[in-house]
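Let us read a few features together.

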Amino acid sequence: MRRLSKGFITIIILAIVVLWGISSYNTLVSLDQKTKESYSQIQNQLQRRSDLIPNLVETVKGYAKHEKEIIQNISDARAKLAGAKTLSEQAAANDELSSVLSRLLVVVENYPNLKADANFRQLMDELAGTENRIAVARKDYNSAVNAYNVKIKRFPTVIIAKLFGFDEKPYFEAEEGAQKTPNVKF
């Protein structure tokens, strides 16, 4: 009778450990997928912004023919964003594009007819909306990464994470100096 009890208790303990392992693994898979979904939202919004920029540049070209340098910088920054492969490259390219667009807005102040153009205003409204969506997508991604990273580092889930190769994910962070106001010289 005692042997049967010990065997039964051992089976119950093993069953609990296996169920906990399966549950932990499934939770890590869900959190990993949430980070991927959030990252794809960032990419969607960056693509939307990238698609708006050619129209904006063409509108500005019509009024500000002497601002070739800023227009070229926008095209270069957009190309970098389109060619970025990693999260850190995208973050850096995004910051560069945001900086160049900020300089464009300063330059536009010299062209009142451009500011009054309905097409330009519509594009700027869409761009501002997209910038807000990018900020929300970045926040959602970083929240998902935080939940995932905390989960893979906590005991006892760290055992399952190491066993199945769940690695820490990077945050989508702005580069140093991205918060500075760009310098514009006329």
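**Reading the helices and a loop**

A: Start in the loop between α5 and α6 (157–164), where P156 is found. Keep in mind that this is a predicted model.

Q: Which bond joins F155 and P156?

A: Most peptide bonds are trans. F155 and P156 are joined by a cis peptide bond, with omega at about 10 degrees.

Q: What span should helix α5 have, and how far apart are its end C-alpha atoms?

A: Count 1.5 Å a residue.

Q: Which residue caps the N-terminal end of α5?

A: Look for a side-chain oxygen by a backbone nitrogen. D117 is the cap: its oxygen lies 2.8 Å from the backbone nitrogen of F120.

Q: How do α3 and α5 pack?

A: Take the angle and the axis distance: about 150 degrees and 13 Å. An angle over 145 counts as roughly antiparallel, so α3 is roughly antiparallel to α5. The crossing of α3 past α5 is left-handed.

Q: Which residues meet there?

A: From α3 come L87, N94, D95, S98, L101, L105 and V108. In α5 they meet F120, M124, L127, E131, R138 and Y141.

Q: Is Q90 buried or exposed?

A: Buried means under 20% relative accessible area. Q90, in helix α3 (residues 87–108), has 7%, so Q90 is buried.

Q: What is Q90 in contact with, leaving aside its neighbours within four places in sequence?

A: Y39, Q43, L81, A84 and F172.

Technical notes:
Residues are numbered from 1 along each chain as its sequence is written. This is a predicted model: local features need pLDDT of at least 70, side-chain atom pairs count only at pLDDT 80 or more; totals for chains, interfaces and linings use all residues. Side-chain values use heavy atoms; hydrogens and water are left out. Helices (H or I, at least four residues) and strands (E, at least two) are DSSP runs, numbered from the N terminus. The expected span of a helix is 1.5 Å times one less than its number of residues. A polar contact is a pair of N or O atoms within 3.5 Å; within protein, one must be able to donate a hydrogen and the other to accept it, and residues adjacent in sequence count only if both atoms are side-chain atoms. Buried means under 20% relative accessible area, exposed over 50%, partly exposed in between (1.4 Å probe, protein chains only). Contact means heavy atoms within 4.5 Å. Axes are lines fitted to C-alpha atoms, for helices over the stretch in contact, and angles run from 0 to 180 degrees between N-to-C directions. Angles under 35 degrees count as roughly parallel, over 145 as roughly antiparallel, 65 to 115 as roughly perpendicular and the rest as oblique. A crossing is left-handed if the near helix is turned anticlockwise from the far one by less than a right angle, and right-handed if clockwise.
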